[in-house]
Amino acid sequence: VALTTHAPPGELGRFEVCVHNWGRAAIAHLRSGLPDCANPLFERTELDDEPISWNAVDFRAGLGPDQLAWLDGLARLSLRDGISQRIRTAITPASCSMTPAWGRHDPVAVRQVVHMASYALGTIIALRRSKDASGLLTRRERQCLSLAVFSGLRPREVAETLGVSINTVRSIRQSASARLGARSQEEAVWRLMESGQLFQGGGLGRQRSR
């Protein structure tokens with residue numbers, strides 16, 4: 001069993017867990033299709049909540065030559081048959097892949113493994129959260145980040161929405177990113193999600209006039 005997120009190299013949320021009996025070469029092969037999506041397992045599990053059987057005729061019929069070659073590479077690592085299923089998470093796409101050591105695709109066993117994988121993923125994300133209380137942002141700081149990233153507003157539009165100057169918006173974003181240890185506003189928002197701060201109440205900044 002292997003539990004892995006689908007984040008490309010260098011991106012946030014990238015990690016994998018070899019739960020049982022998957023070698024590092026096999027884990028590396030799972031990653032080898034990124035970011036060009038040659039890995040059909042990641043691509044299909046992101047579109048379908050149902051288990052994907054690697055050797056199912058309808059699954060293989062929709063694959064291109066490079067994706068079939070990728071599956072052949074997995075087979076050369078003694079992983080000729082298996083199932084992959086999506087793990088739901090708001091942080092980054094993830095899936096659980098398993099080889100049926102019992103020699104058959106038992107739906108009950110698959111559900112049990114996926115349930116345990118989902119629990120493991122939630123636990124890992126929780127353990128990776130920042131415990132530093134100084135990282136808690138004010139409501140105004142979260143507003144600046146969310147308006148820019150989720151609403152797609154430019155700094156001037158964020159300033160108009162909040163009734164502050166554009167320099168204030170830039171200063172707020174810089175201080176928020178610095179406290180979160182983020183290199184960009186997108187990374188700052190991701191860290192808010194990861195640490196559970198995005199929907200938390202924080203200290204309120206003093207009221208500012210237009």
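**Entry 1: two helices**

At what angle do the axes of helix α7 and helix α8 cross? Before answering I noted that this is a predicted model. I looked up helix α7, residues 155–162, and helix α8, residues 166–180. Their axes come within 8 Å and cross at roughly 105°. Angles of 65 to 115 degrees count as roughly perpendicular, so α7 is roughly perpendicular to α8.

I then listed the residues that meet. From α7 they are Pro-155, Arg-156, Val-158 and Ala-159, and from α8 they are Ile-166, Val-169 and Arg-173. Sorted by class, this contact has 5 nonpolar residues, 2 charged ones and no polar ones.

**Entry 2: another partner for α8**

I turned to α6 and α8. The axes of α6 and α8 come within 9 Å, with a crossing angle of roughly 100°. These two helices are therefore roughly perpendicular to each other.

Which residues make this contact? On the α6 side I found Arg-140, Glu-141, Cys-144 and Leu-145. On the α8 side I found Val-169, Ile-172, Arg-173, Ser-175, Ala-176 and Arg-179. The classes in the contact of α6 with α8 are 5 nonpolar, 1 polar and 4 charged.

I noticed that Val-169 and Arg-173 of α8 are in the contact with α7 and also in the contact with α6.

**Entry 3: Glu-141**

Glu-141 is found in helix α6, which covers residues 139–149. Is Glu-141 buried or exposed? Its relative accessibility is 7%, so Glu-141 counts as buried. I set aside its neighbours within four places in sequence and found contacts with Ile-172, Ser-175, Ala-176 and Arg-179. Those four residues are also on the α8 side of the contact with α6.

**Entry 4: the salt bridges**

I looked for charged pairs next. Side chains of opposite charge can pair when their charged atoms come close. How many salt bridges are there? The count comes to 2.

One joins the side chains of Arg-86 and Asp-49, at 3.2 Å from N to O. Arg-86 sits in strand β4 and Asp-49 in the loop between α2 and β3, 37 residues apart, so I noted that the pair links distant parts of the chain. Arg-86 is partly exposed, at 28% relative accessible area, and Asp-49 is partly exposed too, at 34%.

The side chains of Arg-88 and Asp-49 also meet in a salt bridge, at 2.7 Å from N to O. This pair links distant parts of the chain as well: Arg-88 lies in the loop between β4 and β5, 39 residues from Asp-49. At 57% relative accessibility, Arg-88 counts as exposed.

**Entry 5: Gln-85**

I stayed in β4 and looked up Gln-85, which is found in that strand. Its relative accessibility is 13%, which means that Gln-85 counts as buried. Which backbone atom does the side chain of Gln-85 reach? I found the backbone oxygen of Asp-49, at 3.0 Å. Asp-49 is also the residue that forms salt bridges with Arg-86 and Arg-88.

Not counting residues up to four places away in sequence, Gln-85 touches Thr-45, Asp-49, Glu-50, Pro-51, Ser-95, Cys-96, Val-110 and Val-114. For Pro-51 I also looked up the C-alpha distance: the two C-alpha atoms are separated by 4.6 Å, although the residues are 34 apart along the chain.

**Entry 6: two loop residues**

Asn-39 lies in the loop between α1 and α2. Asn-39 counts as buried because its relative accessibility is 2%. A polar atom of its side chain lies 3.2 Å from the backbone nitrogen of Phe-42.

Ser-78 is found in the loop between α4 and β4. Its relative accessible area is 56%, so Ser-78 is exposed. Phi of Ser-78 is near 70°, and I wrote down that this is a positive value in a residue other than glycine.

**Entry 7: the buried residues of α1**

I closed with α1. Its buried residues are Ala-26, Ile-27, His-29, Leu-30 and Arg-31. What do they pack against? I found β1, β2, α2 and α4.

Methods: Residues numbered from 1 in each chain as written. Predicted model: local features only at pLDDT ≥ 70, side-chain atom pairs only at ≥ 80, totals over all residues. Heavy atoms only, no water. Axes fitted to C-alpha atoms, helices over the stretch in contact; angles between N-to-C directions. Parallel < 35°, antiparallel > 145°, perpendicular 65-115°, else oblique. Contact = heavy atoms within 4.5 Å. Nonpolar A, V, L, I, M, F, W, Y, C, P; charged D, E, K, R; others polar. Buried < 20%, exposed > 50% of the residue type's maximum accessible area, 1.4 Å probe, protein only. Polar contact = N/O pair within 3.5 Å; in protein donor to acceptor, adjacent residues only side chain to side chain. Salt bridge = Lys/Arg side-chain N within 4 Å of Asp/Glu carboxyl O.
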